[in-house]
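Subject: Structure handover

Hi,

Here is the structure I promised to pass on to you. Please have it open while you read the notes under it.

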Amino acid sequence: MSQPISWRARRRNALLVGLTPSLAVLAILTIVPALALVTASLTPFSLTNPQASFNFQQPLINYQQLLHDERFLNSVVTQMKLSVASVFFQVLMGLLLALLLNGETRLLHGVRTLLLIPMVLPPIIVALIWKIIYTPDISPLHQVLDRLGYPLDSLIANPDTALWAIVAADVWQWFPFTMLMVLAALQMIPHEPKEAASLDGARSFNLFRYIVLPHLKPVLAVCVLFRLIDSFKAFPLIYVLTDGGPGSVTEVTNYYGFIQAFNFSYWGYGSAIAVIILVGVFILSWLTGRAGWNHDGTAT
């Protein structure tokens with residue numbers, strides 16, 4: 001006689017049966033397109049030359065060309081500038097506002113709710129809002145400055161300010177993410193150390209530096225890494241506000257890949273750019289995991 005199946009085995013089989021449909025859909029929606037993307041990146045496929053879709057005679061030709069493509073290398077530098085600047089100000093503004101709004105009054109609850117609105121807006125709506133702000137003919141900001149005697153040219157049409165205009169819009173949309181994360185962390189800080197330090201005469205800055213900030217460091221690290229990963233998705237802002245210009249000063253890597261694939265129909269080359277971006281995102285995701293919590297409550 002066969003032995004009865006244990007409870008653990010039945011539970012494992014039930015989980016496998018329940019997860020199989022979801023895993024199959026996930027594989028179809030993620031793994032298959034990813035394999036198609038990598039495959040296309042190994043060919044010179046373009047709409048003007050569809051026969052090259054299965055030409056693997058020089059599988060690394062696209063990646064070799066990227067190393068000598070000055071426009072691609074410039075897009076990587078632009079992406080780094082945008083990512084570093086936007087993430088720095090998002091984290092800084094979110095931290096300061098979280099410290100300012102940390103409380104349980106109705107007024108603070110209302111202000112926190114209002115500040116969360118930009119984060120829940122669709123990216124294209126955010127881009128259109130800032131398009132209006134940056135267009136001198138219809139911008140309330142430009143009209144107010146004109147009446148005060150401080151006329152301002154279009155920020156998105158100036159090569160010196162276009163990238164900073166994108167940074168400002170991105171910061172406005174995503175600083176609530178850091179603010180929300182820090183507020184949650186502030187609620188978990190024990191009151192006893194702060195009360196003991198206050199009784200000993202510690203000043204507010206020292207309380208923040210030696211008690212509050214050490215508790216916030218793991219959360220801030222996760223915020224930085226998550227926002228770095230998400231900074232690769234500033235495509236709607238750039239598409240609506242500057243179209244990569246003036247010239248190519250706001251042309252980040254994913255926008256350059258979009259131009260190669262959909263404007264010039266170089267799908268193989270555009271796929272290679274997308275693969276490079278995916279590798280970068282996977283590296284940042286790995287770093288995000290490294291910034292997680294240990295069992296003892298410290299960051300790894």
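First, some housekeeping. This is a predicted model, so local features need pLDDT of at least 70 and side-chain atom pairs count only at pLDDT 80 or more, while totals for chains, interfaces and linings use all residues. Residues are numbered from 1 along each chain as its sequence is written, and side-chain values use heavy atoms, with hydrogens and water left out.

Helices here are DSSP runs (H or I, at least four residues), numbered from the N terminus. The buried residues of helix 1 are Ala9, Ala40 and Ser41. Buried means under 20% relative accessible area, exposed over 50%, and partly exposed in between (1.4 Å probe, protein chains only).

Which residues does Tyr266 contact, leaving aside neighbours within four places in sequence? They are Phe45, Ser46, Gln260 and Ala261, where contact means heavy atoms within 4.5 Å. The C-alpha atoms of Tyr266 and Asn49 are 9.2 Å apart, although 217 residues separate the two along the chain.

Finally, the aromatics. Rings of Phe, Tyr and Trp (its six-membered ring) pair if their centres lie within 6.5 Å; planes under 30 degrees apart are stacked, over 60 edge-to-face, and the rest tilted.

- Trp130 and Trp172 are edge-to-face, at 5.9 Å centre to centre and 70° between the planes. This pair links helix 6 (residues 123–134) with helix 8 (residues 162–187), 42 residues apart. Trp130 is buried at 13%, and Trp172 is partly exposed at 29%.
- Phe235 and Tyr255 have ring centres 5.4 Å apart and planes at 40°, so the pair is tilted. Phe235 belongs to helix 11 (residues 235–241) and Tyr255 to helix 12. Tyr255 is buried at 2%, whereas Phe235 is partly exposed at 24%.

Phe235 and Tyr255 also belong to one aromatic cluster with Tyr239, Phe258 and Phe262.

Best wishes

Methods. Helices (H or I, at least four residues) and strands (E, at least two) are DSSP runs, numbered from the N terminus.
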